[in-house]
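Here are my notes for someone opening this structure for the first time. Have the model on screen and follow the points in order.

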Amino acid sequence: MSLFAKFERVAAARQALDSKGPAPIATPIESVHSATRGRIDGREVLLAGTNNYLGLTFDQGVLEAAGSALRGLGSGTTGSRMANGSYDGHRALEQELAEAFGWPSAMVFSTGYQANLGALSTLAGRGEYLVLDSDSHASLYDGARLSQAETIRFRHNDPDNLDRRLARLGTDASKALIVVEGLYSMLGDQPPLHEFVEVKERHGAWLLVDEAHSFGVFGERGLGLTESCGLLDRVDFVVGTFSKSLAGLGGFCVSPHPEMNHMRLASRPYIFTASPSPATIAGTRQALALLLDGQALRAQLERNYRRLYAAAADMGYQLGSTTPGPVAAIILPDRETALAHWHGLLEAGVYANLMIPPATPAGLNLLRISMSAAHSDEDVDTIIAALAELSVPVSA
Amino acid sequence: METEIKVSDLRKQAEEAISAALPRALPEHADIDWFSALTGDIGLDSVQIMNLVMEIEDELDLSVPVDLLAEVTTLDQLANQLKRLLESRS
């Protein structure tokens, strides 16, 4: 029996997606020229599937900060934060993140994936509990696997279901860390955060909000759904990423609890990896400043996604969320239709994401569009016109 | 003797919960053989199995730890694990 035999099913599924034209999974992107333009299969395309919500990847200030750090501090730190990889920039970024939230604790991780891995695996240990929304991102599930805590799931976006699960724990609920996301990246839906906070407080549990897709997008200062809901003083941890609105690479965890800083001494995904490069940190710091003062960017982003949501609904498309947000997930009845839509959109010069099971919840086949503040009104027109050209399935 | 009866009752309770949950979670697989491998033979993915377990959890009003499922490949094994959880709760 070959070690590779177990991959045969996924390899066959991958091959079934092959057809003429560019691959819909791991699409080869030949080049990217701006936050909204790139080249695929020899053609210029409008990028509408890159999670580049604020469109800062080509911001001149971000590029200059990163370039200056690259030349001044070298291409990499070549070491862990616990050894030789803790530069002034890493500590300054942590300070700036903590100040943005008005909290005493902030930790920077090398990727967003590692931020979730590091936070979950370390915050909840043996004899404690992780209580995850069932639609949680893979990084949260992997963090739970790395943890010694007992992991249970509650029904997606269902505070009553969470309430019952915490009730079953009894007094042990005080040792439970609830994990929800500020914006679910597959369907683009948001949690009923007020209700979750009330359930958490009723049981004396802890709450972590992963704002990977909502940081920069929601809230007056862009701190995420927690800020826009007015709940910053009622959650215990916020995790986020640098690789979406902040246009870089890395992740963070912030907390109103000063003791969270002790996690540095115990979190394996924080310790046993090289720290982010100086250029990454410098670019992220610049992007963070723009994000915090980015009300105009958020207004443009909101204008763009509201237009797309309204137009898609008018065309009869079923979306993964009824609340407009930066991710518009068009639910299609089967894989073939989703694939045809993905190719159709690309033919029209628009790159989006094809999302299929098991990466999606409830076995859904999705055409996922992510909007950016860098999309112009004409870009939104182009995306809407491209969708209008495709035949709308009667029901998903 | 009394304990034996109780344990078999719990196994029956677990089986009934699975039977009730199956058509709700996996309508197209409601007649799954109890000894078939859920992923290997039936071709279920992890999300489908998770949905089934969540239906069973509601049916039995208990939470199934995620790592417990790592040892489960068939419905028969799932029933055994559920029986153990019910035992530890009673």
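1. Start with the spacing of the two domains of chain A: in this predicted model, the C-alpha centres of domain 1 and domain 2 lie 27 Å apart. The domain assignment makes domain 1 out of two stretches, 9-47 + 296-389, while domain 2 covers 60-292.

2. Now look at where those domains meet. On the domain 1 side of chain A, 14 residues are in contact with 12 residues of domain 2. Helix H11 (295-314) and strand E11 (327-332) of chain A each put at least two residues into the domain 1 side, and E11(A) gives the most, with three residues. By class, that side of domain 1 has eight nonpolar, five polar and one charged residues.

3. Next, the nonpolar cores. The largest one holds 118 residues, and A:Val131, A:Leu177 and A:Ile178 touch the most other members. Both domain 1 and domain 2 of chain A give residues to this core, so it lies between them. As background, nonpolar side chains tend to be buried together in soluble globular proteins.

4. A:Ile178 deserves a click. What is A:Ile178 in contact with, leaving aside neighbours within four places in sequence? The list runs to A:Val131, A:Leu162, A:Phe196, A:Lys200, A:Ala205, A:Trp206 and A:Leu207.

5. One of those partners, A:Leu162, takes us to helix H6 (residues 159-169) of chain A, where A:Pro159, A:Leu162, A:Arg165 and A:Leu166 are buried. Why do the buried residues of H6(A) line one face of the helix? Seen down the axis of H6(A), they fall within an arc of 120 degrees, so they share one face.

6. Just past the end of H6(A), look for A:Gly170, which takes a positive phi of about 65 degrees.

7. Finally, turn to chain B. The contact between the chains takes 13 residues from chain A and 11 residues from chain B. E6 and H6 of chain A each supply at least two residues of the chain A side, with E6(A) giving the most, four residues. The chain A side divides into five nonpolar, three polar and five charged residues.

Methods: Residues are numbered from 1 along each chain as its sequence is written. Chains are lettered from A and ligands numbered from 1 in the order in which they are written. This is a predicted model: local features need pLDDT of at least 70, side-chain atom pairs count only at pLDDT 80 or more; totals for chains, interfaces and linings use all residues. Domain bounds come from an automatic or database domain assignment. Two residues are in contact if their C-beta atoms, placed from the backbone, lie within 7 Å. Ala, Val, Leu, Ile, Met, Phe, Trp, Tyr, Cys and Pro count as nonpolar, Asp, Glu, Lys and Arg as charged, and the others, Gly among them, as polar. A residue is buried if 20 or more other C-beta atoms lie within 10 Å of its own, exposed if 12 or fewer, and partly exposed in between; C-beta atoms are placed from the backbone. The arc is that of the directions from the helix axis to the C-beta atoms. A nonpolar core is a set of buried Ala, Val, Leu, Ile, Met, Phe, Trp, Tyr and Cys residues joined through C-beta atoms within 7 Å.
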